[in-house]
Amino acid sequence: MNQQEIQSVKQRFGIIGNAPALNYAINVAMQVAATDLTVLITGESGSGKESFSKIIHSLSARKHGQFIAINCGAIPEGTIDSELFGHEKGSFTGAVDSRKGYFETTNGGTIFLDEIGEMPLGTQARLLRVLENGEFIRVGSSKTQKTDVRVVAATNVNLMDAVDKGKFREDLYYRLNTVPIYVPPLRERGSDIELLFRKFTTDFAERYRIKPLQLTEGAKQLLMSFPFPGNIRQLKNIAEQVSILESEQNKPIEADVLGKYLPQSQQPSRTLALFPQSNGGPAGDNFSERELLYKVLFDMRRDMNDLKRLVRDVLGNEQDGRQILHNHRDLFDSIPSDADPTADGNAPRYLPALNGAAQSGLGLPDAPRNRPAVDSSFRPTPPPAETYGSHPPVQIFDNVDGDVNDITIEDVTHETEDDESLSLERQEKEMILKALRRNNNKRKYAAQALGISERTLYRKIKQYEIDEE
């Protein structure tokens with residue numbers, strides 16, 4: 001499909017935007033429309049999945065047939081079988097007459113099953129038979145009936161995760177996912193956000209006969225950097241809210257004015273994904289303190305490992321030790337001078353390039369530069385003293401004045417970073433557990449608190465075998 005045909009479809013169905021991912025999704029929908037293949041549309045809530053089902057139906061040979069959109073999550077589990085497949089008189093309490101289901105009344109047309117992930121397992125088995133053989137049985141009947149219906153399904157959840165949990169049939173997933181279409185969320189559409197905002201404010205102004213809003217460049221940048229978890233629905237609500245409450249403004253809306261209408265809890269975060277931002281409450285303050293403390297400790301641990309590797313290189317090639325130290329001078333710039341020499345006066349002297357490392361040449365830095373300050377009562381436990389092992393102290397000659405600087409470099413065990421990795425995993429698991437407890441085990445809100453996606457949170461829960469009950 002060329003760009004002209006894609007633009008024509010956009011105008012016909014009121015789709016605004018030029019994001020490559022959006023154009024690709026429209027292109028796939030146009031190509032699959034001419035067939036009877038089952039389509040699974042995935043995307044976040046409010047991203048416009050239903051519009052793609054209408055594109056598929058309108059461009060197909062079934063366009064003159066009936067099109068029905070059904071929200072599977074809105075129909076109670078006890079009546080969804082009757083709604084989809086019909087029932088016979090007296091088949092259950094209240095069935096005073098026979099009734100045709102949607103699959104029977106839509107024969108020759110298209111059914112759009114939204115929120116397919118919410119469909120009960122029993123209904124999924126019935127739907128699988130319809131997709132495979134075009135056959136169904138009314139509730140309370142023993143007669144098999146035929147239907148010719150195209151099914152387009154949509155979901156905002158990861159169906160493979162639901163399959164792993166036993167909430168969705170694996171065979172039905174592969175039967176539905178014949179042609180997948182991914183609808184990108186609003187935050188991945190770049191400048192489309194500004195176009196949609198302008199569209200919503202202009203429509204609102206025309207409807208209520210007010211002056212349409214204008215945004216400054218700063219406000220546009222703020223708008224496009226906002227994540228919009230509610231996608232197009234949320235953007236429309238914000239556009240209409242700003243239009244009515246700022247209608248008396250005679251100048252473009254500034255970024256600080258627009259920021260008042262963007263939920264603060266959903267503002268873009270630049271902190272580590274592992275540590276959520278403080279929300280002003282006691283739990284949020286605790287998270288903030290841990291973030292500062294862990295950052296300092298992890299940075300110090302990494303510096304220690306770098307120093308150990310460097311000393312290993314020096315011991316392995318003593319002739320080139322001076323050159324190695326010179327090449328890695330920047331590594332030692334951040335090590336403060338030692339203010340507490342040994343009591344016996346035999347503290348080793350260090351090269352100027354080392355800039356005064358700690359007593360053993362490998363001690364933890366007392367106050368790393370450019371790092372957040374922590375409570376002065378905290379004192380990290382220094383590493384235990386190491387024996388010289390098979391390597392004696394090394395003497396390095398100063399080429400300038402001929403003096404000998406006795407540099408005591410101890411042979412240390414080069415531990416791997418497994419302990420660091422385990423420590424990180426331990427803390428990450430603890431953060432996840434706390435976030436789940438604070439949000440009553442609701443993964444959606446826990447993921448927002450942690451600053452990660454719900455899919456990433458679920459993967460971490462599986463990885464750490466966290467029980468959500």
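Student: Which residue forms a salt bridge with glutamate 135, and how far apart are the closest N and O atoms?

Tutor: A salt bridge is a side-chain nitrogen of Lys or Arg within 4 Å of a carboxyl oxygen of Asp or Glu. In this predicted model, the partner of glutamate 135 is arginine 129, and their closest N and O atoms are 2.7 Å apart. The model is predicted, and local features need pLDDT of at least 70, side-chain atom pairs count only at pLDDT 80 or more, and totals for chains, interfaces and linings use all residues. Residues are numbered from 1 along each chain as its sequence is written, and side-chain values use heavy atoms, with hydrogens and water left out.

Student: Is glutamate 135 buried or exposed?

Tutor: Buried means under 20% relative accessible area, exposed over 50%, and partly exposed in between (1.4 Å probe, protein chains only). Glutamate 135 has a relative accessible area of 16% and is therefore buried. Arginine 129, at 39%, counts as partly exposed.

Student: How many salt bridges are there by this rule?

Tutor: The count comes to 17 salt bridges. One of them joins arginine 62 to aspartate 148, with the closest N and O atoms 2.8 Å apart. Arginine 62 lies in the loop between helix 3 (49-58) and strand 2 (67-71), and aspartate 148 in the loop between strand 5 (144-146) and strand 6 (150-155), so the pair ties together parts that are 86 residues apart in sequence. Arginine 62 is buried at 8% relative accessible area, while aspartate 148 is partly exposed at 43%. In another salt bridge, the side chains of lysine 460 and glutamate 428 meet at 3.5 Å, N to O. Lysine 460 belongs to helix 18 (residues 454-464) and glutamate 428 to helix 16 (residues 418-438), so this pair links parts that are 32 residues apart in sequence. Both lysine 460 and glutamate 428 are buried. Salt bridges that share partners also join Glu194, Arg198, Glu217 and Lys220 into one network.

Student: How many helices and strands are in the protein chain?

Tutor: Helices (H or I, at least four residues) and strands (E, at least two) are DSSP runs, numbered from the N terminus. The protein chain has 18 helices and nine strands.

Student: In what order do the five strands form the open sheet?

Tutor: Strands of a sheet pair through backbone hydrogen bonds, either parallel or antiparallel. Two strands count as paired if DSSP finds at least two bridges between them. Here the order is 2-3-6-1-7, and the pairing is parallel. Strand 2 and strand 7 (179-182) stand at the edges with a single partner strand each, so one side of each is left without a neighbour in the sheet. Strand 6 pairs with strand 1 (residues 39-42) in the parallel sense over four bridges. In that pairing, isoleucine 41 stands opposite alanine 154, and the bridge partner of threonine 42 is threonine 155. Four bridges also join strand 6 to strand 3 (residues 110-114), again in parallel, with threonine 110 opposite arginine 150.

Student: Which residues point one way from strand 6, and which the other way?

Tutor: In a regular strand the side chains alternate between the two faces of the sheet. Arg150, Val152 and Ala154 point one way from strand 6, Val151, Ala153 and Thr155 point the other way, and all are buried. Since six of its six residues are buried, strand 6 is largely enclosed by the rest of the structure.

Student: Where is glutamine 145 found, and which residues does glutamine 145 touch?

Tutor: Contact means heavy atoms within 4.5 Å. Glutamine 145 is found in strand 5 and counts as buried at 18% relative accessibility. Leaving aside residues up to four places away in sequence, glutamine 145 touches Glu104, Gly134, Glu135, Phe136 and Arg138.

Student: What pLDDT does the protein chain average?

Tutor: pLDDT is the predictor's confidence in each residue, from 0 to 100. The protein chain averages 78, and 71% of the residues score at least 70. Over residues 337-417 the pLDDT is below 50, and this stretch has 122 contacts in the model beyond near neighbours in sequence. The pLDDT also stays under 50 over residues 269-287, for which the model has 26 contacts beyond four places in sequence. Where pLDDT is low, the predicted coordinates should not be read in detail.
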